[in-house]
Amino acid sequence: MEIQSDVKVKIRVNGTAVSATVQAGDSLLDFLRNQARATDVKCGCNQGDCGTCTVIYDGKAVKSCLVLAAQADGKEVRSLRGLMEDPLMQSLQNAFVECGAVQCGFCTPGMLVASWSLLQENSNPTRGEMRQGISGNLCRCTGYKKIIDAISLAAAQHVVTDGTANLADLADRLDGQAQAKANYLLLGGG
Amino acid sequence: MSITIGKGIPKVDAKHKVRGDTIYADDYSVPGMLYGKVLRSRYPAARILALRTARAEHLEGVYAVITAKDVPHNELTARFGQSTSVGVQFEGVYRVLADEEVRYFGEPIALVAAESPELAEQACEMIEVEYQPLEGIFDPMTAMEPGVRQVAEKQRNIASHFKIRKGNVEEAFAHADVIVEGTYQVPYQDHAYLEPESGVAWVDEDGTINIRVSSQVIEHFREVAEVLNLPHSRVRYLGTWIGGGFGGKEDITVESFLALLAWKTRRPVKLTYTRAESLLTHSKRHPFFMEYKTGATQDGRIVAVQARLISDAGSYSALSPWVLLYATVNAAGPYHVDNVWVDSYAVMTNTPITSAFRGFGAPQVNFAYESQMDELSRRLGIDPLELRQRNFLRQGDSLDTGWVYDRPVAISEAAEKAWYALGPKPAPANPQVAIGHGLGAGMCSYGRLTFLHDTSRSYIKLELDGSAVIRCGVPDLGGGQGHILCQIAAEELGLAIERIKLYITDSQLTPLAGTTTATRQLYMSGNATLKAARVLRTRMLEKASGMLGVPVEDLEVQPGKVLSKSQPEKSIGLVPLVNRMSTEGEELFVESQFNAPFTSIPANEVIEGQIHPDYTFGAYAVEVEVNRETGALRVPRIVACFDVGKALNPVIVEGQIEGGGIQGFGYALTEDMKIEKGIIQTPSFAEYLIPTAVDVPDLETILLESETGLGPYGAKGIGEPPMVSIAPALTNAIYDAVGVRITSLPATPEKILMGLLRHVEKEGG
C-alpha cells in the first residue's frame with residue numbers, strides 16, 4: 001500500500017471553490033468524482049489511456065487521472081458541466097446529438113471537452129487534425145466517424161457565428177449527414 | 001406516410017449523455033455505503049489448501065469477509081432469461097467463489113466490504129490463501145488428449161461437441177476440380193467497453209435486495225436469488241444506462257458479489273472493477289483453431305466444405321456451448337453448399353473465461369471461410385466478387401443444418417455494392433507501398449436460439465395531455481435499444497417523441513423484455529412495443545370513428561391527431577381523443593408480449609433444422625496500403641453494405657455498422673492480447689490496443705432495405721452483424737497487395753513482414 005497522508009486543498013471546480021482533505025496519492029480525478037461530486041467526469045481506466053476523465057485544468061485539456069489532487073491546489077478546473085454555458089460547447093453538444101455521435105455515452109463528456117479544447121486552439125481543423133485532436137480519447141461504440149462529423153458541424157456553426165466562414169472550405173470538410181445539417185444551418189434553417 | 005420511421009431522429013438518451021447527466025453505475029452513491037473488493041487467484045490452476053480470513057475480519061472498518069463456505073448456493077447453471085431447461089450440452093456452470101480449487105488466474109476467492117476502497121483492498125491483502133499449484137492446461141489441443149487432467153472436476157474437458165452432416169462430402173471432394181485447404185487461428189478479444197463493471201446494492205426494509213448495475217441481462221435477478229437461496233421476487237435489478245457491453249456484460253459480473261455483501265452487512269455496497277481487473281478477469285471472445293477444406297468445380301461452384309473447429313472454452317464453460325453452436329451453423333457461411341461436414345469442440349483450459357462477444361461465434365468461422373473463398377478465387381482465376389456471386393445463398397436454398405431459408409437474401413447485391421464502391425485502385429503514393437483490395441461477405445443471426453423460446457414484453461400508457469409512458473425492461477447499451485421503442489410508439493400513435501417517458505431495466509416494475517444480446521431487442525422488444533401500440537391505436541381509431549362519423553378504414557394517425565383520409569377537415573386531436581377515451585372508461589394502457597418462433601432442443605450432437613429466427617447478410621470491401629519494406633499497414637477505405645431490412649433510424653443503423661466495423665478492425669489488426677501460461681500480459685489500454693481515431697478511416701456505409709426482416713416494419717437486426725466479415729476483407733486485401741496470406745489474427749505488421757521476408761527468401765534463393 002502506498003503511504004497516505006492528508007493534504008488540504010482548495011480547488012475551483014466549475015466556478016465554485018471546493019475545499020477538501022485529500023490523500024497525497026489521490027488524483028484530481030479521485031477528488032473530482034468523490035469529493036466535488038463531478039460525476040460527469042468518468043473513470044474508464046485511471047491510467048491515462050482512455051481519456052474519459054478529460055477536463056480543462058489550468059486552461060488546458062488534461063486527463064485528470066494523471067494530475068495529483070494536491071498539485072491542483074488553488075487551480076481552476078472545468079469539466080463538461082462547467083463549460084456548458086459556452087456557445088462553442090453548446091454547438092458541440094447539439095452536434096453530437098444530431099450526428100449520432102453518442103452511443104453508450106461513457107466517452108462523451110471527455111470527448112466533448114477534448115473536442116472543445118481542439119476547436120479553441122484551431123477553429124478550422126481538417127478531419128485529420130480532428131482525429132489527432134481526439135486521439136487520446138477512446139470510443140468503443142462509434143468507430144469515430146460520427147464524432148468527427150459532429151466536431152465538423154460544430155466547427156462550421158461556430159465559424160459562422162464568428163463571421164469568419166469560408167463556406168467552400170467548410171463544405172469540403174463535411175460529408176454525409178453533417179453536410180446536410182450544415183447546409184440547413186448555413187441557409188438560416190437553424 | 002411515416003411519421004418517425006426511417007428518420008434519423010436523435011436518441012432520447014443522447015441529450016442527457018451530452019450534459020454529463022446520465023448516472024452510470026459507478027456515478028451512484030447511497031449514504032452509509034461500503035466498498036466491495038474481490039480477492040482473486042494468483043494462479044491459473046491450484047488447489048486451495050487453506051483460506052484464513054481472521055486477520056482481515058478484525059481490521060477496523062471491515063464489515064464483511066465472504067468466502068465460498070458463506071455462499072448459500074455457490075454453484076449453479078447459468079440461465080439468461082430462458083424458461084426452458086436446455087440440457088447439459090447447452091448449459092454452462094456459474095460458480096460464485098472458488099472453493100477447493102482455482103481454475104484461472106484472477107478467479108474470485110473472497111469478498112470484502114469495508115468503509116473505503118483502500119481499506120477493502122488492504123483487507124484482501126490480509127487474507128491468507130495457501131495454494132498448491134497444479135500444472136495448468138493452457139491449450140485446447142492438449143486438453144483434448146486422452147488421459148489429460150480435467151480442468152473442471154465435474155466436467156469433461158470437451159465441454160461441447162457438435163456436428164453438421166449434410167450431403168456426402170467424401171464423394172463431393174472426390175469429384176471436385178479444385179480443393180483448397182487451410183488452417184486458421186483467431187485470438188482472444190476483449191470487449192474493452194469504456195465503463196468497467198460496476199454496481200451498487202442495498203437491502204430494502206422488507207428484505208428485498210436491490211442491485212443497481214450495468215448489465216445486459218436483468219433477468220439474472222433469478223440466478224442471484226438462487227445464490228442467496230431467496231425467492232426470485234426478493235432480488236430486484238435496477239439496470240443502468242450501460243457504458244458499453246458488446247456481450248461482456250451478458251454473464252453475471254459484480255451482481256452476486258454485491259448481493260452477498262449487502263445481505264451480510266445490511267449496508268449499501270458499491271463494487272467497481274479497476275481497468276486491469278476488468279481486462280484480466282472478465283470473459284473474452286473465444287480463440288478458435290480451425291481446419292478448413294473447400295472443394296469446387298472449375299467454374300467456381302462450391303461442392304463441399306469440411307471444417308474442424310476447436311474453441312478455447314476457458315475455465316468455466318459460461319456461454320461457450322452456445323457460441324460453438326453459432327459457429328457450427330455458420331461454418332459454411334452465406335453460401336449454398338450441398339455437402340457440409342463440421343466437427344466442432346469447445347474445450348476447457350486453465351485460461352480466462354470465454355463467453356459472449358458481438359458476433360458470438362460467427363466472426364471466427366467467417367475469417368476462415370472467407371479466407372478460403374479468396375484462395376479459391378485465386379486458384380480458379382475467378383474475380384472474388386464473381387466467385388461469391390456464383391455461390392451465394394438464395395431464397396429457398398438450405399443452410400448447413402439443412403434448414404431451408406425461405407426468405408429473400410440480398411447478400412449478392414450487398415457484396416456487389418460494397419465492392420463496386422471501392423472503384424479502381426489509386427496509384428501508390430510511393431514505390432514501397434502496395435495497394436490491395438479485399439472483399440469479405442458474411443451472415444449473422446438476429447434473435448436468440450429458437451429452442452430457448454424467447455419472449456419480450458412492453459407496456460405503453462397514454463396520458464391525458466397527449467404524453468405517454470413506455471415501460472420495457474430493455475437494457476440499453478447505447479445502440480438505441482430503448483430509443484427505438486419511442487420511435488415505434490410515436491409512429492403508431494402520433495405521439496411527440498420528446499413527450500414520451502421511457503422506463504427501462506427495472507426487473508420488478510418494467511415488463512421483462514429479455515436480454516440485450518443476440519441482436520434481439522429491436523426484433524423482440526420492438527415487436528412487443530409495436531403490438532402494444534397497435535392495440536392502443538385500434539382503440540383510438542375506433543373511438544375517433546364514432547366521434548367523427550368516419551369509418552375506421554378511412555382514418556389515419558398523424559402527429560397529435562387522427563384524421564379522415566378522404567375528408568381531411570374531419571379530424572380530432574390526440575388530447576381530446578384520449579380524454580374522451582378516459583371519460584368513457586377505455587383502458588389507456590396496454591402490455592403486450594411477443595414470442596419468437598419456438599423449436600425443440602436439438603436431440604443430439606448432429607445439428608439439424610432451424611436454429612435461429614433469421615439472419616442478416618452483409619459485406620465489407622476494403623482498400624489497404626502495405627509497405628513492402630516494413631509490413632506497415634494503412635487502411636484508407638472501408639465500405640460496408642448490409643441489408644438491414646428497414647432502417648427505422650438510419651443514423652443509429654449507420655452507427656452500429658461504423659462501430660461494429662471498427663471493432664472488427666481492431667480484432668483483425670491491432671488487438672493483440674498476449675497470454676502466457678494462462679496469464680494475460682496486456683492488462684491495460686496502453687498494451688491492449690483498441691483502435692483510436694487516428695488508426696481508422698471514415699467507414700462508408702451503404703444500407704440496403706429489403707423490408708424482409710422479422711422485426712418491426714421489416715427491419716432486421718444490425719447490432720452484431722457488422723462485426724462479421726471485416727477481418728477477412730482486410731487480410732484478403734493484404735494478400736491482394738503483397739501476396740502474403742495471413743492465417744492468424746491479428747494481422748500485425750510483424751506477421752506481414754515475416755511473410756514478405758519469406759517471399760524474398762524464395763525469390764532471392
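How much area do chain B and chain A bury between them? About 3,900 Å², with 57% of it on carbon and sulfur atoms. Buried area is the accessible area (1.4 Å probe) that two parts lose on being put together, summed over both.

This is a predicted model: local features need pLDDT of at least 70, side-chain atom pairs count only at pLDDT 80 or more, and totals for chains, interfaces and linings use all residues. Residues are numbered from 1 along each chain, chains are lettered from A, and side-chain values use heavy atoms, without hydrogens and water.

**View 1. Chain B meets chain A.** Here 55 residues of chain B are in contact (heavy atoms within 4.5 Å) with 46 residues of chain A.

**View 2. A salt bridge joins B:Asp698 and A:Arg127.** Their side chains meet at 2.9 Å, N to O. A salt bridge puts a side-chain nitrogen of Lys or Arg within 4 Å of a carboxyl oxygen of Asp or Glu. The two chains share nine salt bridges.

**View 3. The largest nonpolar core has 204 residues.** Such a core is a set of buried (under 20% relative accessible area, 1.4 Å probe, protein chains only) Ala, Val, Leu, Ile, Met, Phe, Trp, Tyr and Cys residues joined through side-chain atoms within 4.5 Å. A:Leu92, A:Phe96, B:Ile211, B:Tyr292 and B:Leu309 have the most contacts inside it. Leaving out residues up to four places away in sequence, B:Leu309 touches residues including B:Phe288, B:Tyr292, B:Val342 and B:Val365.

**View 4. Another core lies apart from the largest one.**

Terms used. Buried < 20%, exposed > 50% of the residue type's maximum accessible area, 1.4 Å probe, protein only.
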